[in-house]
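Subject: Structure for you to look at

Hello,

I am handing over the structure we spoke of. Please open it first, then read the notes that follow.

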Amino acid sequence: MIEPLFVRKAPERHEWWRGAVIYQIYPRSFADTNGDGIGDLPGITAHLDYVASLGVDAIWISPFFTSPMKDFGYDVVDYCAVDPIFGTLADFDSLIARAHSLGLKVLIDQVYAHTSDQHEWFSQSRASCSNERADWYVWADPKVDGTPPNNWQSVFGGPAWTWDARRGQYFMHNFLSSQPQLNVHLPAVQDALINVARFWLERGVDGFRLDAINFAMFDTALTDNPVAPRSNRRRSRSSDFQLSQHNMSHPDIPLFLERLRALIDSYPDRFTVAEVGGDHAEREMKSFTQGNSRLNSAYGFNFLYASKLTPALVSETIDEWPDEPGMGWPSWAFENHDAPRALSRWSKPGDAAAFAQLKMLLLMCLRGNVFVYYGEELALRQVEIAFEDLVDPEAIVNWPLTLSRDGARTPMPWARDEVGAGFTTGRPWLPIDAENRAKAVDTQLENEDSILALTKRLIAFRRNSEALRWGSCRVTEASDDLLAFERIDAEQALVCVFNFSGSAREWAPAQPDRWQISQAVNGASAWSLPPFGGLIAERIA
């Protein structure tokens, strides 16, 4: 066993966000106050005491802007207005004020790669080839045979181009055809987006999560994407048959991020995190967070789309982000609104309760920021949604080979025995199944053995641990079943150990008598790890 090494002394002051725990709220599904079956901003505000009781540092609220909701808020009509189904700007101001009074920071989504086709910018752009906003979106002439200008495919399936008779051209869309691609290469478009950020910063938001930011720019030569090599990877979308090299990931994206960061830095203590998916996510995450002039952090889909959680996956992910000068700061999520619930991906039904504990322990031990998706603290599982009940366009188009985003977006169960599980007095926009209803907040609040209680304890431990929040990370073992890594800061050394199997394992560090168990799950003790057992031990001598 390699002895832990103490590293450089940590700075005396760390930014609030470094090592933070951030709670993601999907507003449609969190809490409904007017009985229409859809969550709203007042519902979030009414439950902020609960969120604060978890011990998290911040909340991230998914889009609540004016939208036709074809992609449930990620198709924006007005970046600076609240959609009436969620409330008003006054409701948002009240939410901000209440969150800040509870010590919670507030992050909101910014969607800069595309808008809704109902946005006034697009309405003007499509009107002619010569108006003021004609080039604000990506337009191209057809090939001589009338087909799209190149072979680019939409993430949601089918060509990334839709014909528009008004302009006699195709417009580009990386997602739905109702989400036309903004031409973020254009300085005027960048100016408009930066003004959007300024609007929300002036209203008191503490930062932004930038949605699909690596889709913000493209190859202006419209070069065909190359064919993807054959693999065992399941292909459920037309975009899976090509490498997305030219419709995204343009090298000028960091230059736009530097412009955005310059604005954000004019407001104190703000935070920016990018969502980065795709074949080159790790490379782009590092590029987008390099130095001090771009974004503070970025997260990819290392865990979100993983069908299995393994020591090798965790080890490889940790190794990508060493504690070195110039290296960016990562963020991690096991669940979010775009991926099936982790317990349903990673555990068998009979192991779910134990695995939920191990999973939460692991999440709180990772170096970087960590996101907890609403209901993850209750160990919610993926809900099977019948085809006739699906509302997510991705799920409908790709049925039955779908990521089942609807099943991860079902309403928060607040009270087991109330109508609508305490989420709504009306008919919820997505069904609440019996298994998740049984895990409602009111059934776990007073139970010290619940996953909710464990989540609170682990968040508190992380918050008070310099090694977990800011320390370096080094993997010391990653076998088929066992994972061990060190978290070390100037004043604290921890070892974090996890048994990923359904069988008992033994593991001990060198000089085991110099370590003291600080946290344990599923009956783990020194140095015995029952099935799905895990522990954190602190060096005491």
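The lining of the largest cavity is made up of seven nonpolar residues, one polar residue and one charged residue. This comes from a predicted model, as does the rest of what follows. The lining residues are F303, T317, I318, W321, P330, W332, L366, R367 and C473. Helix 8 and strand 12 are the elements that supply two or more residues to this lining. The space inside the largest cavity is about 80 Å³, and the structure has two cavities of 30 Å³ or more.

Helix 8 covers residues 311–319, and its buried residues are P311, L313, V314, S315, T317 and I318. T317 and I318 are also part of the cavity lining. What do the buried residues of helix 8 pack against? Their partners are strand 12 (329–333), helix 10 (352–365), strand 14 (472–478) and strand 15 (482–489). As background, an α-helix has 3.6 residues a turn, so residues three or four places apart point the same way.

Next, the cores. The largest nonpolar core has 142 residues, and those touching the most other members are Y23, Y50, F64, L362, L366, F485 and F498. Helix 10 is the element that contributes the most to this core, with nine residues.

F498 has contacts with L358, L361, L362, C365, D481, L482, L483, F485, G533 and G534, if residues up to four places away in sequence are left out.

The largest pocket is a separate topic. Its space comes to about 1200 Å³. A total of 46 residues line this pocket, and R233, R237, G277, G278 and Y305 are the ones nearest its centre. By class, the pocket lining divides into 16 nonpolar, 15 polar and 15 charged residues. Which element gives the largest share of the pocket lining? That is helix 7 (residues 281–288), with three residues.

The remaining notes concern single residues, taken one at a time.

N369 is in strand 13, which runs over residues 369–373. Its relative accessibility is 0%, so N369 counts as buried. Beyond four places in sequence, N369 touches W17, R18, G19, A20, F271, S297, W329, P330, S331, W332 and R462.

V82 sits in strand 4 (residues 78–82). With a relative accessible area of 9%, V82 is buried. V82 is in contact with L41, F64, F65, T66, G87, T88, L89 and F92, leaving out residues up to four places away in sequence. V82 and F65 are 17 residues apart in sequence, while their C-alpha atoms are 4.5 Å apart. F64, another contact of V82, is one of the residues with the most contacts to other members of the largest nonpolar core.

W121 belongs to helix 4 (residues 120–125). Is W121 buried or exposed? W121 counts as buried, because its relative accessibility is 9% and the cut-off for buried is under 20%. Apart from neighbours within four places in sequence, W121 contacts Y79, T115, R133, W136, Y137, L182, A192 and L193. From W121 to E394 the separation is 273 residues in sequence and 25 Å in space, C-alpha to C-alpha.

N225 is in the loop between strand 9 (207–211) and helix 6 (253–264). N225 has a relative accessible area of 3% and is buried. A polar atom of the N225 side chain lies 2.8 Å from the backbone nitrogen of H246. Setting aside neighbours within four places in sequence, N225 is in contact with N151, W152, Q242, L243, S244, Q245, H246 and N247. Between N225 and N247 there are 7.7 Å, C-alpha to C-alpha, with the two 22 residues apart in sequence.

S501 is in the loop between strand 16 (492–499) and strand 17 (505–507). S501 is buried at 8% relative accessibility. Its side chain makes a polar contact of 2.8 Å with the side chain of N499. Not counting residues up to four places away in sequence, S501 touches D481, P531 and F532. D481 is also a contact of F498.

Regards

Conventions:
Residues numbered from 1 in each chain as written. Predicted model: local features only at pLDDT ≥ 70, side-chain atom pairs only at ≥ 80, totals over all residues. Heavy atoms only, no water. 1 Å grid on protein atoms, 1.4 Å probe; cavity = no way out; pocket = protein on both sides within 12 Å on 5 of 7 lines; lining within 4 Å. Points joined across faces, edges and corners; volume = space filled by probe spheres on them. Helix = DSSP H or I, 4+ residues; strand = E, 2+ residues; numbered from the N terminus. Nonpolar A, V, L, I, M, F, W, Y, C, P; charged D, E, K, R; others polar. Buried < 20%, exposed > 50% of the residue type's maximum accessible area, 1.4 Å probe, protein only. Polar contact = N/O pair within 3.5 Å; in protein donor to acceptor, adjacent residues only side chain to side chain. Contact = heavy atoms within 4.5 Å. Core = buried A, V, L, I, M, F, W, Y, C linked by side-chain atoms within 4.5 Å.
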